[in-house]
Amino acid sequence: QNLRGNKMAKIEYEIDLNSAVNFAPKNDAEEIIQNVKTIINTRLGNVPLDRNFGLSWDYLGLPIGVAKDRFKIALYDALEAFEPRAEISKILFDDEEKYLTEGILKPRIFIFIEEQGV
């Protein structure tokens, strides 16, 4: 429950990195999801007035197992700093052979968002 006595519930969402940008989110959950996608798709150091915003891509070119672990660490750090309303529930990777042999990470990210009155 929040301070007003309304019940709060954690709802799990999968982040679709291929979907279009939502410039007019209808609610807090849509806004948080959009913020998470923006963080993931912004390379650390590329925002002129906030060089600390975004996700480190230091894992690029590393062996796939190491890259997965470094991606997870970078994502946890970035969301903690820039969108603490999103709680990571799990991070999975598409391990199809075509991605592994080419060294491509295809993350599937699931987050919890606390919602009111659910």
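The model is predicted, with local features requiring pLDDT of at least 70 and side-chain atom pairs counting only at pLDDT 80 or more, while totals for chains, interfaces and linings use all residues. Residues are numbered from 1 along each chain as its sequence is written, and side-chain values use heavy atoms, with hydrogens and water left out.

The protein contains 3 helices and 3 strands; helices (H or I, at least four residues) and strands (E, at least two) are DSSP runs numbered from the N terminus. Along the sequence, these elements follow the pattern β-α-α-β-α-β. Of the 118 residues, 30% count as buried, where buried means under 20% relative accessible area, exposed means over 50%, and partly exposed lies in between, with a 1.4 Å probe and protein chains only. A contact is defined by heavy atoms within 4.5 Å. Among contacts between residues at least 6 apart in sequence, 52% join residues at least 24 apart.

Helix α1 has 14 residues, which at 1.5 Å a residue should span 20 Å, and its end C-alpha atoms are 20 Å apart, in agreement. The expected span is 1.5 Å times one less than the number of residues in the helix. The buried residues in α1 are Ala29, Ile32, Ile33, Gln34, Val36, Lys37, Ile39 and Ile40. The cover over these buried residues includes β1, α2, β2 and β3.

Ile15 is a residue of strand β1. With a relative accessibility of 3%, Ile15 counts as buried. Leaving aside residues up to four places away in sequence, Ile15 touches Ile33, Val36, Lys37, Ile109 and Ile111. Ile15 and Ile109 are 94 residues apart along the chain, yet their C-alpha atoms are separated by 5.4 Å.

The structure holds 5 salt bridges, a salt bridge being a side-chain nitrogen of Lys or Arg within 4 Å of a carboxyl oxygen of Asp or Glu. In one of them, the side chains of Glu87 and Lys10 meet at 2.8 Å, N to O. Glu87 lies in strand β2 (residues 86-93) and Lys10 in strand β1, so this pair ties together parts that are 77 residues apart in sequence. Glu87 is partly exposed, with a relative accessible area of 36%, and Lys10 is also partly exposed, at 47% relative accessibility.

Another salt bridge joins the side chains of Glu14 and Arg108 (3.0 Å, N to O). This pair links distant parts of the chain, with Glu14 in strand β1 and Arg108 in strand β3, 94 residues apart. Glu14 counts as partly exposed at 40% relative accessibility, as does Arg108 at 37%.

A salt bridge is also formed by the side chains of Glu31 and Arg85 (3.3 Å, N to O). Glu31 is in helix α1 and Arg85 is in the loop between α2 and β2, so that distant parts of the chain, 54 residues apart, are linked. The relative accessibility of Glu31 is 31%, which counts as partly exposed; Arg85 is partly exposed with a relative accessible area of 39%.

Pockets were located on a 1 Å grid over the protein atoms alone: a pocket is an open set of points, where a 1.4 Å probe fits, with protein on both sides within 12 Å along at least five of seven lines, and lining residues have an atom within 4 Å of a point. Grid points are joined across faces, edges and corners, and a volume is the space filled by probe spheres set on the points.

The largest pocket has a volume of about 540 Å³. It is lined by 24 residues, of which Leu17, Phe71, Leu105, Lys106 and Pro107 are the closest to its centre. At least two lining residues come from each of β1 (8-15), α1 (28-41), α2 (64-82) and β3 (107-116), and α2 gives the most, with 3 residues. The lining of the largest pocket comprises 15 nonpolar, 4 polar and 5 charged residues. Here Ala, Val, Leu, Ile, Met, Phe, Trp, Tyr, Cys and Pro count as nonpolar, Asp, Glu, Lys and Arg as charged, and the others, Gly among them, as polar.

The second largest pocket has a volume of about 160 Å³. Its lining consists of Met8, Asn27, Asp28, Ala29, Arg85, Glu114, Glu115 and Gln116. By class, the lining of the second largest pocket has 2 nonpolar, 2 polar and 4 charged residues. Strand β3 supplies the largest share of this lining, 3 residues.
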